[in-house]
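Okay, thanks for making time. Let me put the structure up and then walk through a few spots in it.

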Amino acid sequence: MNMCHGSHEWHREVIRQVRRLNEEKGFAVAVMMDTEGSEIHMGDLGGSASAKTEDGEIWTFTVRAFSSPLPDHTIIVNYDGFAEDVEVGDDLLVDGGMVRFEVVEKLGPDVKCRCTDPGLLLPRANLTFWRDGSLVRERNAMLPTISPKDWLDIDFGIAEGVDFIAVSFVKSAEVINHLKSYIAARCRDSDISVIAKIESIDSLKNLEEIIRASDGAMVARGDLGAQIPLEQVPSAQQRVVKMCRQLNKPVIVASQLLESMIEYPTPTRAEVADVSEAVRQRADALMLSGESAMGQYPEKALTVLRSVSLRIERWWREEKRREAMELPNVASSFSDKISEEICNSAAKMANNLGVDALFVFTTTGHMASLLSRCRPDCPVFAFTSSTSVRRRLNLQWGLIPFRLSCSDDMESNLNRTFSLLKARGMIQSGDLVIALSDSLQSIQVMNVP
């Protein structure tokens, strides 16, 4: 849920519909709340869904508030220092360059701009301005990562029990730690995970400390491409994905994956190649944005995303393309090191023996995440007694989570899981499986009875 749009009442109804479907259908769909952040953006266009610009048109960007309807060709900007920071001759980019203006005149709180690259303006689009080929940051860089509105939205998310909170324009690990402390103080039983959105120059500069502090990361390529040269976005994406994998943090690749499907029922072949590359880099998740939020073909876009991802992963397995990347140890205690070694061994055994499935019985989800990190070839079924842990495990690559009250009796746990998965047609008698347990720190190889 993008908190740039919609009211708390609207989002509350969406959350409750998702929870109701989870209950009725046995789903485990998680909910992520995406904060707006404090970066400069446009207002809501006076209630219009969009506004079309033409080459050479003069538009006014202003920080003034209007009680009556907006004058024609006028856009409100949310940043009070906007008129002071820009200079005549600056380039103003809307939504990462989807529309471009040149500043031609400053009149108090108003900035007159000529459209040089026409396009469609959408409500609350991000604004950046460039001078002599470089991004102008100035006071914008001093804005707080979490705005007063964001804190209200975060309180709403905590009250509604969302599974993830994604923080926009993260500049340092300090922001992540502050938010985690706030969540813990407001809701001591909360299992809300904090996702850092990597979409600014500052986040790339402090990447490792931010990822270490977070529960996961998102490569928000749209806004990132407005802050760094476009040709640097692919290497930045690969860097983030690789570091998350090394640190055992789930990573989402987002923005403009299937952008053309907002209007058309089939993607461009270049978009399919882009999705394939994100899968090949071993991202945990891919996220649709405008395609599902306002697109004409949201279900088709999701189907394309799923089918391309499955095909690339199947090709990877068929070609036996084992990764050269060595995964560094992430354990901070001896007990965690045992779990890590068990998962590394189990994944290697699964690939070498050609097993049909991996089972992991986990209390917190940690051992399941370690197994996911190894990217084994077979399906990984994760069993946990916690509903919230089950939902959060959806973000981890390759995990199929189930809620199951586990005991210390491994044989009893296995018999129950055999019955559950056989009834769903996910395994059959004679299948070879490997079972792991984080509470018992054990590993077993067996055939399904």
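So, in which helix is Leu21 found? Leu21 sits in helix α1, residues 8-25, where helices are DSSP runs of H or I, at least four residues, numbered from the N terminus. Quick caveat: this is a predicted model, so local features need pLDDT of at least 70 and side-chain atom pairs count only at pLDDT 80 or more, while totals for chains, interfaces and linings use all residues. Residues are numbered from 1 along each chain as its sequence is written, and side-chain values use heavy atoms, with hydrogens and water left out.

Back to Leu21: it counts as partly exposed because its relative accessibility is 39%, and partly exposed means between the buried limit, under 20%, and the exposed one, over 50%, with a 1.4 Å probe and protein chains only.

Now, Gly295. That one is in the loop between α10 (290-293) and α11 (298-318), and at 16% relative accessibility it counts as buried. Gly295 and Glu263 are 32 residues apart in sequence, yet their C-alphas are 6.3 Å apart in space.

Last stop, a cavity lining. The second largest cavity is lined by 13 residues, and Cys244, Arg245, Lys249, Asp284 and Arg375 lie nearest its centre. A cavity here is a set of points, on a 1 Å grid over the protein atoms alone, where a 1.4 Å probe fits but cannot get out; lining residues have an atom within 4 Å of a point. Who gives the most to that lining? That's α8, with three residues.

Technical notes. Helix = DSSP H or I, 4+ residues; strand = E, 2+ residues; numbered from the N terminus. 1 Å grid on protein atoms, 1.4 Å probe; cavity = no way out; pocket = protein on both sides within 12 Å on 5 of 7 lines; lining within 4 Å.
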